[in-house]
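Have the model open as you read.

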Amino acid sequence: MTDYAEEQRNELEAIESIYPDSFTVLSENPVSFTVTVTSETGESGETVEATLKFTYVERYPDEPPLWEISSQENLEDADKEDVLFLLQQQAEENLGMVMIFTLVTVVQEKLNQIIDVMKLRRDEEKLRKEKEAEEAEKVAFQGTVVTIENFLKWKAQFELEMAELRRKSQKEEEQAGKVKLTGKQLFERDHNLDTSDIQFLEDAGNNVEVDESLFQDMEDLDLEDEEDPDFDPLEMGSDED
């Protein structure tokens, strides 16, 4: 007849000697204890950790012990499910034999695999970023292929921007009193100027007033030479000869 209590006692002593720094007894009736399993250290110093809690049932090892993950570090939910599945699988395969060391070893290997996967993902991410940087550098070096369509689009946009810059610059200079507009510039800015003079003349019509006082002294002017009927400019020329 199997002495379950004796087998459990012997295994407990062995587990304590194998994992002295990570083994903790929680209770004696029923026997319950924890073993903390830590992965190897990754390249960046990271680790994955899981604390396994085991509880002996009365007929262990003919019946599997109870287990759970009481705490964890850097262990994602999907990986946690994988660990619990491995414990169930190994327990079924090792019924009739003490199995705690086997279960802990399986979990240890799984955590090391998780670290390897983390390293692989990191390397893949690094490679992806390097490729993206290379592609960006290549695009920057090659530039944009010029076509008629994108050139005309660029040209139209460029001309609009330059015209706006000129307008703003001219306006600022005018406000600062630094620029005196030419007639052409005034005409270009205000097309009403080409009709202003004509409109003025039309509005004036025949209503232009003349100040007659300006001509009061006209009779006193010496205009005798012009009025002398004997005046002959040809005779003046003959006298000089």
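Strand 1 (residues 23-28) and strand 2 (31-38) run antiparallel and are joined by 5 bridges; strands here are DSSP runs of E with at least two residues, helices are runs of H or I with at least four, and both are numbered from the N terminus. Two strands count as paired if DSSP finds at least two bridges between them. A hairpin of 2 residues links strand 1 to strand 2, and Val-25 sits opposite Phe-33 in strand 2. This is a predicted model, in which local features need pLDDT of at least 70, side-chain atom pairs count only at pLDDT 80 or more, and totals for chains, interfaces and linings use all residues. Residues are numbered from 1 along each chain as its sequence is written, and side-chain values use heavy atoms, leaving out hydrogens and water.

Moving on, strand 2 is antiparallel to strand 3 (49-55), with 7 bridges between them, and Val-37 faces Ala-50 in strand 3. Strand 3 is also joined to strand 4 (66-73) by 7 bridges, again antiparallel. Because 5 of its 7 residues are buried, strand 3 is largely enclosed by the rest of the structure (buried: under 20% relative accessible area; exposed: over 50%; partly exposed: in between; 1.4 Å probe, protein chains only).

Now look at Leu-52, whose bridge partner in strand 4 is Ile-69. Beyond its neighbours within four places in sequence, Leu-52 contacts residues including Phe-33, Val-35, Leu-87 and Val-104 (contact: heavy atoms within 4.5 Å).

Leu-52 is also among the residues touching the most other members of the largest nonpolar core, which has 29 residues. Such a core is a set of buried Ala, Val, Leu, Ile, Met, Phe, Trp, Tyr and Cys residues joined through side-chain atoms within 4.5 Å. Helix 3 (100-142) is among the elements that each supply at least two residues, and helix 3 gives the most, with 7.
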